[in-house]
Structure formats: structure tokens, C-alpha cells
Amino acid sequence: MFVNFRRIRKCKLVQLMTTCLLLSVAMVCWEQLDSVVVSHVKSYSFRYLVNRFTYINRSLTIPHKQARSFSNFPYLLDHPDKCTGKDVLLLVFVKSSPENTKRRNAIRSTWGNETYIQNTLGVTVKVVFALGAIQRKTSEPSWNSRSGADFQEQLIQENDLHGDLIQKDFLDSFHNLTLKLIMQFHWMHSHCSHAHFFMTADDDVFVHTPNLVRYLQDTSHRGITNLWIGRVHKGAPPVRNKDSKYYVPYEMYQWLSYPDYTSGAGYVVSSDVADKIYHATLTLNASLYIDDVFMGICANAVSVSPQEHVYFSGEGKAIYHPCIYRQMMTSHGHVEDIYDLWTAATHPQVKQGASRLFERLYCTAVKMALLCKPHFFDTYPCKAAFL
Ligand SMILES: *[C@@H]1O[C@H](CO)[C@@H](O)[C@H](O)[C@H]1NC(C)=O
Ligand SMILES: *[C@@H]1O[C@H](CO)[C@@H](O)[C@H](O)[C@H]1NC(C)=O
Ligand SMILES: *[C@@H]1O[C@H](CO)[C@@H](O)[C@H](O)[C@H]1NC(C)=O
Ligand SMILES: *[C@@H]1O[C@H](CO)[C@@H](O)[C@H](O)[C@H]1NC(C)=O
């Protein structure tokens, strides 16, 4: 009897402790979930009901002289004549870091091969890489600063070989991505303003250049201006969690929601938009280091809005299938597989069936099966199946 009683109490105690544990776990999780839900509700309300993004423009406007501090870093590597005398359809800036030589080589031999594009598509596309400077640790032991200098030497050799590195003297880091963005628009303004379109992309992005070129040629023929396409983020709230990579303090950005912007993985603007953005960068405080959000702020200041293109991926990868290859524009998160994807996605057979009715129906069915089920990774949306 006595033993039994103790056993029951022990059981209860364990039960109680487990309950407490579960409750506290739930509370911690709820708090995070809660803040995510609440911040999204607030930001969507701000985006769709209040929509006072003009305040942002007003409060971030600074004198030209101060704005110049974000753009007047000297060039370490430059190619001012890259576009001269050519009818450039598209200028692509790939945001790269000094150490990512492998990724740059993969892009040069696949989707960013200018010679291939010229020969097979008959248009001029210029592909250059945007870099910051390698950290020079002058206060560190000499072997370390030597390695920085050696590394720059390697970059100079790579640049001699390919002639496509644009590098400015600011530290290449995540928190300096906005400086890199500004560099791209300023470079285009000075050296390639006659290009019809401008694209910026990460160095782990796959761009289906033939599809993109076809789309841009069509857009250009129809005389469309004011174009900004990509994967659009609407009503995204600033991240206030200090542990996040995307944390933005209140002092830097005080509103509940960012203006609409496209995922920085890859987006395209027409040259008139590029020019307007360039002018916006001359008057805005660029200390907000999330480059795609800053692009949204610049665009907001000059009244340009982004348009969704369903075959631009945001964070996610395309699903590998010939029916997808026919329409894909960009896909994110490729390093090793970029060669295989390029070969598969540009295979002559991929295009052949595209005009036959049966093939089209077949592909719609396949794409519905691939894209219209609930998934947790961010690939193309379901509506892409019906295009
Ligand atoms: C680019 O394409 C051309 C023509 O197709 C080819 O000869 C050349 O080797 C390619 N370049 C690279 C770096 O793969
Ligand atoms: C950005 O670059 C500047 C100039 O090189 C440097 O002083 C600064 O520390 C860098 N900022 C970050 C956050 O890396
Ligand atoms: C730009 O904004 C930052 C805060 O994000 C602020 O510290 C800085 O003083 C501002 N710069 C100018 C020139 O107003
Ligand atoms: C943003 O501010 C600039 C300078 O204050 C002004 O010329 C421009 O019209 C503003 N843009 C919008 C969309 O309010």
C-alpha cells in the first residue's frame, strides 16, 4: 500500500515535470512563432492599408555630399571599355567574393559564356563580376597580410585571363552588399548605359540565358520600359531578432514593412529603371546593408515597382525536368551541379517539342504534378504550371 502510494506520487511527479518541460518548450516556441505571426500581420497591414512609403524616402534622403561616401571607393580592378561600341542587350553583374574563383569559372563556361551567347543567340550579353576587397590584416603577423596580397595577385591573374572582374576598395562582406549594389549601378551609368537591360545575380545562381535572352528580345521589341522583374517580396517585415543574419535595428529602419522588392538572388531591370536607381543612390542613406531591400527603397523613391515573373526563383532551386527547362529563368543554390544543369537545360531536344499541342498538354500535367503540391522549399509557384 505504502509502496504503491509512493509509486503513484513518483509517477505524478514525472508527469508534472514532463508537463512543465513541454509547456516551457511550447512557450518558448510560441513566443517566436507569435512574434513572426504578429510582425507579418503588422507588416501586411502597413503594406496594404497604411502604405505610407513616402515617409521612408523623406527620412532617408541625405545631402549628395554625404551620399557619395557610399560610392566613392576607388576601383582596384576595372574594365571601362567592356561595353564600348557594342549593342549590348543585357549587362549581367554577378555578385561574387574574391575567394569564389571556382564559381566564377563555372559561370564563365556555362550560362555566362559571352562567346557562346553571341554565337548561338546572336546577341551581345556582357557578364562581369562585382567584388569587394580582400581583408588586409596589417596588424596581424606578416604571413597573414602576405596571404592577402598573394590572393589579390591571384585575382589580378584571373582578371588578366578573363577580363571580367570589377573590384572596388571596400571590404567584401555580407554587411557591405549594399555598397556592392551601388557600385554596379554606378558602373553601368558610367560605362554601359546603352545596354538595354541590367541584371544582378548571386554567384550560386543558374540563369537560363537562352530563355532570358528570348524574353528580353521580345520585351525590347514591344518597347516596354519601366521593367523590373524577379521574385517579388511584398510587405516583408524587418527582422528584429538579433541572432538573425538579416537583423536590422530600429534606428536603421523604423517602419513595420519594407517596400516591395525582388529577391537579390537574381533580377532584371530595363535601362531606364537602372538610370533612375542610379539617381536615387545619389540622395539616399545606404547604411541599410540588405542590398535587395535597399534596391526596393531606391525604387520606391523613384516610383518604380517590381513585377513578379514566376520563373525567377527566390531562395529555391528549380526542379530538374525538361518541361521546366523550357521556361525557367533563374534557379538558386547551384555550385557543383551547374555544368550538368547547363548541359541538360540547353539540350536541343528540350526545345523541340514545345510547339506541339500534345507536348504542351503533357508538360502542363507534369508541371502541375511537380509544382502544385504543398512543398516546403521555395521553387516556382503552382501558377507557373499553366504558362
Ligand atoms: C565558351 O563557348 C565557346 C563557343 O561555344 C567555347 O569555344 C569556349 O570554350 C567556351 N568558354 C569556356 C570558358 O568554356
Ligand atoms: C565595409 O567596407 C568598409 C571599407 O572597406 C569597411 O571599413 C567596413 O568595415 C566594411 N563593413 C563591414 C560591415 O564589413
Ligand atoms: C544613415 O543612417 C544611419 C543609421 O542607419 C545613421 O547612423 C547615419 O547617421 C545616417 N547618415 C546620415 C548621413 O544621415
Ligand atoms: C523622394 O524624395 C525626393 C527628394 O526629396 C523627391 O524628389 C521624390 O519625389 C520623392 N519620391 C517619392 C516617390 O515621393
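## Briefing on a predicted model with three disulfides

With a torsion of -75 degrees about the S-S bond, the link of Cys323 and Cys363 is left-handed, a disulfide being a pair of cysteine sulfur atoms within 2.5 Å. Because Cys323 lies in helix α11 (residues 322-325) and Cys363 in helix α14 (residues 357-371), the pair ties together parts that are 40 residues apart in sequence; helices (H or I, at least four residues) and strands (E, at least two) are DSSP runs numbered from the N terminus.

This is a predicted model, in which local features need pLDDT of at least 70 and side-chain atom pairs count only at pLDDT 80 or more, while totals for chains, interfaces and linings use all residues. Residues are numbered from 1 along each chain as its sequence is written, chains are lettered from A and ligands numbered from 1 in the order in which they are written, and side-chain values use heavy atoms, with hydrogens and water left out.

**Disulfides**

- A search of the whole structure finds three disulfides, and with bonded cysteines counted along the chain they follow the pattern 1-2, 3-4, 5-6.
- The sulfur atoms of Cys323 and Cys363 are 2.1 Å apart, and both of these cysteines are buried, which means under 20% relative accessible area, whereas exposed means over 50% and partly exposed in between (1.4 Å probe, protein chains only).
- Cys83 is joined to Cys192 with an S to S distance of 2.0 Å, and the torsion about their S-S bond is about -85 degrees, so this disulfide is left-handed.
- That pair links distant parts of the chain, 109 residues apart, with Cys83 in the loop between β1 and β2 and Cys192 in the loop between α7 and β5.
- Cys83 has a relative accessible area of 0% and is therefore buried, and Cys192, at 0% relative accessibility, also counts as buried.
- Cys372 and Cys382 form a disulfide with their sulfur atoms 2.1 Å apart, and with 90 degrees about the S-S bond the link of Cys372 and Cys382 is right-handed.
- Cys372 and Cys382 each lie in the segment after α14, so the pair ties together parts that are ten residues apart in sequence.
- With relative accessible areas of 31% for Cys372 and 32% for Cys382, each of these two cysteines is partly exposed.

**The sheet**

- Eight strands make up an open sheet with mixed pairing, in the order β1-β4-β3-β2-β5-β10-β7-β11, where two strands pair if DSSP finds at least two bridges between them.
- At the edges stand β1 (75-77) and β11 (307-308), each with a single partner strand, so one side of each is left without a neighbour in the sheet.
- Strand β7 (residues 228-230) runs parallel to β11 and is joined to it by two bridges, with Ile229 standing opposite Gln307 in β11.
- Strand β3 has ten of its ten residues buried, so β3 is largely enclosed by the rest of the structure.
- On one flank, seven bridges join β2 to β3 in the parallel sense, and Lys95 has Ala130 in β3 as its bridge partner.
- β3 also pairs with β4 in the parallel sense, over four bridges, and Phe129 stands opposite Leu165 in β4.

**Helices and a buried residue**

- Helix α7 (residues 177-191) lies across β1, β2 (88-95), β3 (124-133), β4 (165-171), β5 (197-202) and β10 (266-270), and runs at about 160 degrees to β2; axes are lines fitted to C-alpha atoms, for helices over the stretch in contact, and angles run from 0 to 180 degrees between N-to-C directions.
- Ile117 has its place in helix α5 (residues 114-121) and counts as buried, at 0% relative accessibility.
- Leaving aside residues up to four places away in sequence, Ile117 touches Trp111, Gly122, Val123, Val125 and Thr209, contact meaning heavy atoms within 4.5 Å.
- Ile117 and Thr209 are 92 residues apart in sequence, and their C-alpha atoms are 7.8 Å apart in space.

**The largest pocket**

- The largest pocket has a volume of about 1200 Å³, the space filled by probe spheres set on grid points joined across faces, edges and corners.
- A pocket is an open set of points on a 1 Å grid over the protein atoms alone, where a 1.4 Å probe fits, with protein on both sides within 12 Å along at least five of seven lines, and lining residues have an atom within 4 Å of a point.
- The lining of the largest pocket holds 47 residues, of which Phe174, Tyr246, Tyr261, Ile290 and Asp292 lie nearest its centre.
- The elements giving two or more residues to this lining are α1 (2-50), α7, β8 (232-233) and α10 (291-301), and the largest share, seven residues, comes from α1.
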